Amino acid sequence: LESDDAEKALPASEALENDQETAQEKRLRLTKHLLAQLEEEERERAEDEKTARDLLGDRLKEDVLEQKGKLQRKLASQYEEPDPDSFRWLRGHRLSVTCLALTPDDRFLYTGSKDSSIIKWRLDTFKKELILTSFSKESKKTKTMKKHRGHILCLAISSDGRFLASGATDKLVMVWNTETDSWLHTFQGHRDSVSGLAFRLATHQLFSCSHDRTVKIWNLDEMAYVETLFGHQDSVTGIDSLLRERAVTCGGNDRTVRVWKVAEESQLVFHGHKASIDCIKQINEDHFVSGSQDGSIALWNVLKKKPAVVIANAHGSSSFYSNENKETTSANEMTSMFRALTGAPADQMTGNSHKEQMSEEKEAWITSVSAIPNSDLVVSGSSDARIRFWM
């Protein structure tokens, strides 16, 4: 059958010559043709295997750099200002939305609210999928298994998308199965509102922080409490974690940022903001960014106890100063400093806010900061109702 197929695939000129071939010559010619096909297939397979090995090697190199905090993805240059016509408004909560979490596959969005509910949204249709929790007695038609009895303040999803964790003013941490949208477990232990949650990447280790001034660690594989970390002197207002067994936190009015080295049972304490520190986000294992009620955004290096760079009144003016010399610096000097720290491109830490400037007299406090891990793109939100991208 293979010989017949090979003969059919021959050009018409060769088919005419077949009439003058002997049976032995025909078999020899077809055999050579099949051998050539097999050699070509083997060559392509070898190239595919080499490509796969190269891709695997590149991935392993990225993992090593990520572990060391030296991986840098150049994304800032790809940023494009979104088209306002592409914006979508999702309506469903009865009170203010306080937090959100996006699934790793970007298919679903979970939002938490002061109305004590968590809503799951489909991002392909921008429709409400279901309500996970509701404290309202009238919500009998919703899929309610367990419920928070207070304002929901924070949400977090594990990196494999399996678990959703929620924290609220009822002092509880609840864990949900994202596949079945069902309640799994409730962690008790905090003595005040749970203000922040963060999963350690590639694990089911969960960090929680609270207004009771503590950080707690939970193991979701065993649904068990692990330990409590003490140190902050005021409400812990934000927390984040990446691959290492560490967490970074900000302590509100104690004006400190802390790096918790869990395995070493130690902590590093950082000072720099002039008012309450309300939000924090890791850029990579060695750098993180924080926002304060004094209107400033600070870039930190774990090797220095003071911020390497501070943007004063970040959403109110373009006043830059460096902690290195306590003097006002130009945007170019600030850019060079940030690039030296993170290996970011030349336009790093240049604010983009639709080219609009606010009055220098109005100081807008920073309510949230975020970053794509291991990238050169940082985002901040403020009481001025604007989002700024820092590149």
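Visitor: Why does Arg-255 count as partly exposed?
Guide: Its relative accessibility is 41%. Buried means under 20% relative accessible area, exposed over 50%, and partly exposed in between, with a 1.4 Å probe and protein chains only. Arg-255 therefore counts as partly exposed. Please note that this is a predicted model, in which local features need pLDDT of at least 70 and side-chain atom pairs count only at pLDDT 80 or more, while totals for chains, interfaces and linings use all residues. Residues are numbered from 1 along each chain as its sequence is written, and side-chain values use heavy atoms, leaving out hydrogens and water.

Visitor: What makes Asp-181 buried?
Guide: Its relative accessible area is 7%, so Asp-181 is buried. This residue lies in the loop between strand S7 (173-177) and strand S8 (182-187), and its phi, near 55°, is positive although the residue is not glycine.

Visitor: How many aromatic pairs does a search of the whole structure find?
Guide: It finds seven. One of them joins Phe-87 and Trp-89.

Visitor: Why is the pair of Phe-87 and Trp-89 called edge-to-face?
Guide: Rings of Phe, Tyr and Trp (its six-membered ring) pair if their centres lie within 6.5 Å; planes under 30 degrees apart count as stacked, over 60 as edge-to-face and the rest as tilted. Here the centres are 6.3 Å apart and the planes stand at 70°, so the pair is edge-to-face. Phe-87 is partly exposed at 39% relative accessibility, whereas Trp-89 is exposed at 62%.

Visitor: What makes the pair of Phe-288 and Trp-300 stacked?
Guide: Their ring centres are 6.0 Å apart and their planes lie at 10°, so this pair is stacked. Phe-288 belongs to strand S18 (residues 287-292) and Trp-300 to strand S19 (residues 297-301), so the pair ties together parts that are 12 residues apart in sequence. Phe-288 counts as buried at 1% relative accessibility, and Trp-300 counts as buried at 0%.

Visitor: Which residues do ring pairs link into a cluster?
Guide: The cluster consists of Phe-187, Trp-218 and Tyr-225.

Visitor: How do you know that Lys-120 lies over the face of Phe-108?
Guide: A charge sits over a ring if NZ of Lys or CZ of Arg is within 6 Å of the ring centre and within 35 degrees of the ring normal. Lys-120 lies over the face of Phe-108, at 4.2 Å from the ring centre.

Methods: Helix = DSSP H or I, 4+ residues; strand = E, 2+ residues; numbered from the N terminus.
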